[in-house]
Amino acid sequence: MNSKSKHLLEFDNVTMAFGGNKRNPDGVVAVEDFKLTIRADEPKIIAIAGESGSGKTTLARLGLAMVKPTAGRVVYKGQDLWAMSNHERRDYRREVQAIFQDPFAVYNPFYTIDRLLHTPIRSFKLAKSRSQALGLIEDALTKVGLRPAEVLGRYPHQLSGGQRQRIVVARSLLLQPRIIVADEPVSMIDASLRANILTKLKELRDDFGISLLYITHDLATAHQISDQIFILYRGRVVEVGDATTVIQNPQHPYTQLLVSSIPRPDPEWRWEGTVEIPLEELSPSGDRAGCLFRHRCPQAMPECLNTPVHYAGGYGQAVACYLYEENGALSHS
């Protein structure tokens, strides 16, 4: 593995399709031609946002080497994930950790949470004695705002959702990762606890130099913690740029639709709920020629029958929309 690579994790023109048959040899395309680079010397929180069916979780699974891309490569420290030696893959497994949506699903209800924390220490031989292992565990729990005496020895059902999720974060910290892939980490936690978890995620970047790939449908939390954001629609990036810029000044009609669906703290404003991709657009026979959003876009025009490249938006972001063609083409890699 090339440890001197300036690029820590790269998605190099990655496409992921599922299924495929004689009528539809390409299958259902979940991610198409995706590019993203996380630098080793610049810890960031990068949000991948979009509605259900946009390809967010598929990207998380690709980044964790849970599925192999149909085309393109996912590269860690200069090495293709699917061409690594056993030793390289072991290092990668330690340095790239995951936090999943359901903080209860990762626990075995028959064991105390101690087992969840001791397992990675044993697997990666992080401690020479049980007392040293306990010291590592207590330090990790303290870093995520938990008191070891209040959580160790307890079963999962005896802890709150926020405590369970912070324990998962502590487990990741034990391994001193370089990257954490967080797939909807606060969506199943009470609103009153979300701010605490989000603060802890920001501290991973600021205090420990850990980059996060933050998978979410919630633009409000993406705005709160992310440095950069990729907006996905049916597996394609339609807008990418600084998170605050994109959310405060959305350029692509789809991003504007997502932003308009964010609940506002205004009792006079009626929220219509989340937006979802129509089922017919997700069918295997769905047409992927041209702009994929044109059927729903209020500003669709003849040019939209062709697939747009990324153009410069009005505030520094890149936008895959012909409304910005006169600004000139950009690369978001």
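Begin by selecting Cys321, which counts as buried because its relative accessibility is 9%; bear in mind throughout that this is a predicted model. Show its sulfur next, together with that of Cys297, which holds the closest cysteine sulfur: the two are 6.2 Å apart and therefore too far from each other for a bond, given that a disulfide requires a pair of cysteine sulfur atoms within 2.5 Å. With a relative accessibility of 8%, Cys304 counts as buried.

From Cys321, move to Pro308, which is 13 residues away in sequence but 5.9 Å away in space, C-alpha to C-alpha. Pro308 sits in the loop that runs between helix H11 (279–282) and strand E11 (311–312), and its relative accessible area of 14% makes it buried. Leaving aside residues up to four places away in sequence, display what Pro308 touches, namely Gly290, Cys291, Ala320, Cys321 and Tyr322.

For the last stop, select helix H7, residues 191–208, and take the distance between its end C-alpha atoms: this is 26 Å, in agreement with the 26 Å that its 18 residues should span at 1.5 Å a residue. Centre the view on Lys202, where H7 bends by about 25 degrees. Then colour the buried residues of H7, which are Ile197, Leu198, Lys200, Leu201, Leu204 and Arg205. Finish at Gly209, which follows H7 and has a positive phi, near 65 degrees.

Key:
Residues numbered from 1 in each chain as written. Predicted model: local features only at pLDDT ≥ 70, side-chain atom pairs only at ≥ 80, totals over all residues. Heavy atoms only, no water. Helix = DSSP H or I, 4+ residues; strand = E, 2+ residues; numbered from the N terminus. Expected span 1.5 Å × (residues − 1). Bend = angle between axes of the 7 residues up to and from the residue. Buried < 20%, exposed > 50% of the residue type's maximum accessible area, 1.4 Å probe, protein only. Contact = heavy atoms within 4.5 Å.
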